[in-house]
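Here is a short walk through one chain.

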Amino acid sequence: MSKEMIEALDALETEKGVKKEVVIDALEDALASAYKRNYNQAQNVDVEFDAKKGDIHVYAVKEVTEEVFDSRLEVSLKEALSINKAYEVGDNIKFEVTPKDFGRIAAQTAKQVIMQRVREAERGIIYDEYSQYENEIMTGEVERRDNKFIYVNLGKIEAVLGRQDQMPNEQYEPHDRIKVFVTKVENTSKGPQVFVSRTNPGLVKRLFEQEVPEIFDGTVEIAGIAREAGDRTKIAVRSTNPSVDPVGTTVGPRGARVQAVVNELSGENMDVVQFEEDPVDYIANALNPAQVIAVQFNDEDNDRSCTVIVPDHQLSLAIGKKGQNARLAAKLTGYKIDIKAESDVEFVDDEELEENDEALEEATVDLPDDDQAASDSAAE
């Protein structure tokens, strides 16, 4: 080893970002193993690497004892005192045992181990860098594909896009630049692994944050997202500022903001609705663009289900193609929604019902005692 090694370590730190101290620690461990293996030594050894000169020194570490049972591991107190009178039983003393040809053997033996440690350090750096992008949006370039994944280059790492994370209305070709949502970053034995998605609802949320400053700064909040990737998404928004219209702000002037998101998602339809604390209003909004006459809750079942009544000519619009509109509304609101046409439901006028009840109570109060008794008897 020489100053050339020092220069190589400095270059490695500059180019790869791997700290020199990490490599030196790995080098010392590797040299200790090399010494034991090549010289059939079972003793405790300590290898020190001179970071200034590039020199290597191997030391046998022995414990000071009253009586020596294993000379490879122990040294007598008498011998220790002859070296330095300050030694006591239990102290460790280093004896240099560096072989003359150790430099050549160590370099050959330690190379593979050092490179492994360097790769591990590089992986750690990459993992730390990309783990902070979990649940965030990134732009990458499609590189290649196989039977399971599409591989997207994110810069220092190749992310994988699984089949379930690919949009059914998109074709991914090499060199295509796409925005992806980072769903998970794992540090595996083979190195960091980044999983990305184009179908995750989080992608829609991050795209709106990019396009709508009021969503990014929290003036408008996204209360919920229901998505069938590649086809249609419903997004509920609410405003923390009473003077800001959440739907109009999200849609943007002439629909420019929502159109930018639609374009990024290859034409996926976007329904932006206003979130309401009142579940009746929220469910009615969620079924947009259909008009809603009434929402009736099935409280007896206690299963968050409801029946929605719509005009006859709006029934197919409320249900949507293959039930999509109703399905997304249910997913957005968290309620089971049964949609019925107005003509299929009999309405009872609540005001008329109350008037009839009041009239019956008044008639009961005005009856004479005999008539009251007769009425009670008839009731029985």
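Lys322 is found in the loop between α10 (315–319) and α11 (324–333). Helices here are DSSP runs of H or I with at least four residues, strands are E runs of at least two, and both are numbered from the N terminus. This is a predicted model, in which local features need pLDDT of at least 70, side-chain atom pairs count only at pLDDT 80 or more, and totals for chains, interfaces and linings use all residues. Residues are numbered from 1 along each chain as its sequence is written, and side-chain values use heavy atoms, with hydrogens and water left out.

Look at the backbone of Lys322. Its phi is near 55 degrees, a positive value in a residue other than glycine. Lys322 counts as exposed, at 75% relative accessibility. Exposed means over 50% relative accessible area, buried under 20%, and partly exposed in between (1.4 Å probe, protein chains only).

Asn135 is not a glycine, yet has a positive phi of about 65 degrees. The loop that holds Asn135 runs between α4 (102–131) and β5 (137–145). Asn135 is partly exposed, with a relative accessible area of 39%.

Which peptide bond is cis? The bond from Asn288 to Pro289 is, with omega near 15 degrees. Pro289 sits in the loop between α9 (279–286) and β13 (294–297).

Now step back. The chain has 13 helices and 15 strands. Of its 380 residues, 37% count as buried. Take contacts (heavy atoms within 4.5 Å). Among those between residues at least 6 apart in sequence, 58% join residues at least 24 apart. The chain exposes about 22,700 Å², by the Shrake-Rupley method with a 1.4 Å probe. Carbon and sulfur atoms supply 45% of that area.
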